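Biologist: I would like a close look at one side chain and its surroundings. Please keep it brisk and give the cut-offs as you go.

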Amino acid sequence: MSHRHRSERLGELFRRELTRLLLGSLKDPRLDGVTVTDVRATRDLSFATVYIRSDEDVSEGIEGLEHAAGFIRRELGRSLRLRKIPEFRFLADETPEHASRIEELLRRTREDEGPRDD
């Protein structure tokens, strides 16, 4: 099995488990409306980047998750029984905004070119 495939599979497992914790064990009000959209782990599982979105202020969600990071690692260690649980870094998922910006730029480019006579 390739390392990339294993990292992707573990990232998805971490995403599901983090979502479970958000829905159950984590009671911090800063985490209300927080959704884990993706988790990307390094090959050696030293670090994993957790991408989140929030209905509220995403920076508050990141702050709440950083505050709970030790608890999260302990809980994942218990539930997943992996030799190594990564250190988590939490970032805002800006994928939808980025995609919207690209679409807008493409639309403007097409408008600027105008109709073409071939």
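Which does Arg15 count as: buried, partly exposed or exposed?

Modeller: Arg15 counts as partly exposed, because its relative accessibility is 23%. The scale is this: buried means under 20% relative accessible area, exposed means over 50%, and partly exposed lies in between (1.4 Å probe, protein chains only). The areas come from the Shrake-Rupley method with a 1.4 Å probe, and for residues only the protein chains shown count as cover.

First, the ground rules. This is a predicted model, in which local features need pLDDT of at least 70 and side-chain atom pairs count only at pLDDT 80 or more, while totals for chains, interfaces and linings use all residues. Residues are numbered from 1 along each chain as its sequence is written, and side-chain values use heavy atoms, with hydrogens and water left out.

Now the partner. The side chain of Arg15 meets that of Glu12 in a salt bridge, 2.6 Å from N to O. A salt bridge here is a side-chain nitrogen of Lys or Arg within 4 Å of a carboxyl oxygen of Asp or Glu. Side chains of opposite charge can pair when their charged atoms come close. Glu12 is also partly exposed, at 33% relative accessibility. Both residues sit in helix α1, three residues apart, about one turn of the helix. Helices (H or I, at least four residues) and strands (E, at least two) are DSSP runs, numbered from the N terminus. An α-helix has 3.6 residues a turn, so residues three or four places apart point the same way.

Helix α1 holds another pair. Arg20 and Glu17 form a salt bridge, with their closest N and O atoms 2.8 Å apart. They too are three residues apart in α1. Arg20 is partly exposed at 39%. Glu17 is buried at 15%.

Helix α3 has a pair as well. Glu75 and Arg78 lie three residues apart in α3, and their closest N and O atoms are 2.7 Å apart in a salt bridge. Glu75 is buried at 18%, whereas Arg78 is exposed at 56%. Elsewhere, Asp28, Arg30 and Glu63 are linked in a network of salt bridges. The whole structure has six salt bridges.

Ile72 touches Leu18, Leu21, Leu26, Leu65, Phe88 and Phe90, leaving aside residues up to four places away in sequence. Contact means heavy atoms within 4.5 Å.

Last, the setting. The protein has four helices and three strands, in the order α-β-β-α-α-β-α. Buried residues make up 30% of its 118 residues. Its accessible surface is about 8300 Å², of which 47% belongs to carbon and sulfur atoms.
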